[in-house]
Amino acid sequence: MSLPRRLKKANTSWVRPLTAGSGPRYQQIAAQIVTAVEDGVLRAGDRLPPQRELAQALGVDLTTVTRAYTEVRQQGLLEAQGSGGTYVAYSDSETAGTIDLGMNIPPLLGSAEFLHMLAQGGGATQAAASSMDLMSYHVGAGASRHRAAAAKWLRPMIGDTEIERIVVCPGAQTAIAALLLARSQSGDAIACDELTYPGFLAAVRVLQRQAVGVKSDELGMDPADLQRVCEQHRPAMLYLNPTIQNPTALTLSHERRTALLRVAEEYALPVIEDDPYWLLSDRAPSTMFSLAANTSAAPVYYVSTLSKCMAPGLRTAYLVVPAGEPLSPVLDALRSLALMPAPWMTEMASAWIASGAAAQWLAQVKNELRHRQAIAASILPGNIQADPNGLHLWLQLPRHIDLYRLTQTALQQGVSVTDSESFSTEAHSPAALRVSLGGAIDRNRLTQGLTRLAELLKGDLARRVSNVV
């Protein structure tokens, strides 16, 4: 009987006492891990001890172990799986040729159409560089032309917005971390869905906040449970991804958004509305930012990235600070994290928006995703939650499935997927996979990957990844 990942025993055979005079303690821990991997004591898929337990065993503080794990992870030897723990990563040779159903990226990034748009954007950016210094420092909320482009892009989501409220950021991840820094303190609770975006969980963990999960029903986050969390934990902020939620693909209704805002208002709870998918959906309600702007509700900070509609490599996102809230704490936090967005990428994104190329590309992405969602629905077994134009779907599985064995067996079959452990704030998570549809280079490769996954779930291999004896 194979243990599910949340119960998978950590490999501690590599751990040795630290010695005085042998360099910084975090480097000693990192060196032990690297040596153990090189010697085969730690193998791909092995789980490392939880950071707090290792810190206690070695007599060091938690930050020392965190720093050691981070250093080894940056070398590509480890991968963090949220509440599921830290594992020895599989090598590139083991994952070569893999069909990517695990990363939420837009489709068609290798297409001739995208390459043509890239060339056009590069030409416009190069022309701008001849009269504007794109290679220098540009600290602050962003150039006025970039903020004006942002206002145009954001208009369908939040209406007309003063560009003075818009901050150009180097990606949504940086914007979220900056808001946590600006609006909360170390040790503060941050309310969120029990299943939520791993990047948010990583920011909370690194910034030493505490993610407190709010229960959901079939309509999404439960306002009554948010009230319970507010009473018990007094969170400093509420983080939400209300449209095509990552990972469950649920979209909160107008009524549910309004109910959650009422609770936030009652407890003076600032809200981060992380909204990367609104433009993909044909049925998204009004944003919570727009709803709050017309009431006396708690402030809603709106974050919209271009990564999911255009391309992650642009590293461009827009943060809208609600009226009445100061920009300076957010700008200070952003500067401490990343100083500024890359001017060249921001210029290209702005040129695409201004010319209309971005809107045309969005239409192509939505059309492609509509086809890919239909393909997935025709192949995958089980209970699927999805938006017709979504980048991903949520595939619920029988509870006896060993998620870790399943994902690793799929990887050996040449398919990468992401299981629910990566998104969970709790010790236990439902048996489910997030299946991303944009990473496969074309529909044929997507069909191949989905077919392999379906065969794994339906066939004899399903018994091999089961916890049932």
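Strand β5, residues 189–193, is largely enclosed by the rest of this predicted model, because 5 of its 5 residues are buried. Buried here means under 20% relative accessible area.

Let's look at the neighbours of β5. Strand β6, residues 210–214, pairs with β5 in the parallel sense, over 5 bridges. Within this pairing, Cys192 stands opposite Gly213 of β6. To get from β5 to β6, the chain passes through helix α8, residues 198–206. This β-α-β crossover is right-handed.

Strand β5 also pairs with strand β9, residues 237–240. These two strands run parallel as well and are joined by 2 bridges. Here Ile190 has Met237 of β9 as its bridge partner. The table puts the two pairings together.

| Pairing | Sense | Bridges |
|---|---|---|
| β5 with β6 (residues 210–214) | parallel | 5 bridges |
| β5 with β9 (residues 237–240) | parallel | 2 bridges |

Now for a pair of helices. The axes of helix α14, residues 357–379, and helix α16, residues 443–458, come within 9 Å and cross at roughly 25 degrees. Angles under 35 degrees count as roughly parallel, so α14 is roughly parallel to α16. Their crossing is right-handed.

Which residues make the contact between α14 and α16? From α14 come Glu368, His371, Arg372, Ile375, Ala376 and Ile379. From α16, the contact is made by Arg443, Leu446, Thr447, Leu450, Thr451, Ala454 and Lys458.

Technical notes: Residues are numbered from 1 along each chain as its sequence is written. This is a predicted model: local features need pLDDT of at least 70, side-chain atom pairs count only at pLDDT 80 or more; totals for chains, interfaces and linings use all residues. Side-chain values use heavy atoms; hydrogens and water are left out. Buried means under 20% relative accessible area, exposed over 50%, partly exposed in between (1.4 Å probe, protein chains only). Helices (H or I, at least four residues) and strands (E, at least two) are DSSP runs, numbered from the N terminus. Two strands pair if DSSP finds at least two bridges between them. A crossover is right-handed if, with the strands pointing away from the viewer, the path from the first strand over the helix to the second runs clockwise. Axes are lines fitted to C-alpha atoms, for helices over the stretch in contact, and angles run from 0 to 180 degrees between N-to-C directions. Angles under 35 degrees count as roughly parallel, over 145 as roughly antiparallel, 65 to 115 as roughly perpendicular and the rest as oblique. A crossing is left-handed if the near helix is turned anticlockwise from the far one by less than a right angle, and right-handed if clockwise. Contact means heavy atoms within 4.5 Å.
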